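Subject: Structure handover

Hello,

Here is the structure for you to look over. My notes come after it.

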Amino acid sequence: MPERAKSYKPKHTARTFTAKPERQQSHERGYDHRWRKARAAFLRSNPTCAYCAAMTPPRLTAATVVDHATPHKGDPEIFWDQSRWVSACRECHNRKTATHDGAFGREVKPHPAAGQHSDNG
Ligand SMILES: [Zn+2]
């Protein structure tokens with residue numbers, strides 16, 4: 001029978017304790033709430049990753065994040081314009097963020113092998 005490891009502290013749990021919810025500005029809180037709700041609703045309507053679906057052959061992947069096809073750069077008009085929202089899985093979102101944000105500004109067209117060729121500085 002395994003003993004209880006008393007000294008074991010899960011690091012990721014410990015880390016979440018550090019930030020006490022300090023006085024948050026009410027509009028920020030509302031903004032976050034609104035975004036979460038809007039994002040959840042968007043993902044319900046668009047449950048699959050658009051980038052995966054545009055691949056050849058298309059992949060069917062559950063979307064977990066809402067990506068901004070147009071970099072919003074803090075612009076609330078772009079930020080809240082759902083016609084610029086794209087459902088994405090984490091993998092595609094990370095890949096897009098890792099390359100350069102803005103590459104998808106014109107249309108949703110994923111790079112299947114992003115980072116492999118760099119013939120286009
Ligand atoms: Zn994807």
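Below is what was found in it.

**Ground rules**

This is a predicted model: local features need pLDDT of at least 70, side-chain atom pairs count only at pLDDT 80 or more, and totals for chains, interfaces and linings use all residues. Residues are numbered from 1 along each chain as its sequence is written.

**Confidence**

pLDDT is the predictor's confidence in each residue, from 0 to 100. The protein's mean pLDDT is 76, and 58% of its residues reach 70 or more. Among its elements, α3 has the highest mean pLDDT (97) and helix α1 (residues 11-18) the lowest (51). Residues 102-109 have pLDDT below 50; beyond near neighbours in sequence, this stretch has 13 contacts in the model. Residues 114-118 are also below 50, with 3 contacts beyond near neighbours in sequence. A contact here means two residues whose C-beta atoms, placed from the backbone, lie within 7 Å.

**Layout**

There are 5 helices and 2 strands. Both kinds of element are DSSP runs numbered from the N terminus: helices are H or I with at least four residues, strands are E with at least two. Along the sequence the pattern reads α-α-α-β-α-β-α. Among contacts between residues at least 6 apart in sequence, 54% join residues at least 24 apart.

**Strands**

Strand β1 (residues 65-68) and β2 run antiparallel, joined by 4 bridges. Strands count as paired if DSSP finds at least two bridges between them. Valine 66 has serine 87 in β2 as its bridge partner. From β2, Trp85 and Ser87 point one way, Val86 and Ala88 the other, and all are buried. Buried means 20 or more other C-beta atoms within 10 Å of the residue's own, exposed means 12 or fewer, and partly exposed is in between; the C-beta atoms are placed from the backbone.

Histidine 68 lies in strand β1. It is partly exposed because 18 other C-beta atoms lie within 10 Å. Leaving out residues up to four places away in sequence, histidine 68 touches Ile78, Phe79, Arg84 and Trp85. Its C-alpha is 6.1 Å from that of valine 86, 18 residues apart in sequence.

**Core**

Buried residues make up 14% of the protein's 121 residues. Which residues form the largest nonpolar core? There are 11: Cys49, Ala50, Tyr51, Cys52, Ala63, Ala69, Trp85, Val86, Ala88, Cys89 and Cys92. The elements giving two or more residues to this core are α3 (50-53) and β2 (85-88). A nonpolar core is a set of buried Ala, Val, Leu, Ile, Met, Phe, Trp, Tyr and Cys residues joined through C-beta atoms within 7 Å.

**Loops**

Two backbone details deserve a look. The peptide bond from threonine 56 to proline 57 is cis, with omega near -5°. Proline 57 sits in the loop between α3 and β1. Lysine 73 is not a glycine, yet it has a positive phi of about 45°. It lies in the loop between β1 and α4 (76-79). Lysine 73 counts as exposed because it has 10 C-beta neighbours inside 10 Å.

**Helix α5**

Threonine 97 is in helix α5 (residues 90-98). It is exposed, since 12 other C-beta atoms lie within 10 Å. Aspartate 67 is 30 residues from threonine 97 along the chain, and their C-alpha atoms are separated by 9.7 Å.

Best wishes
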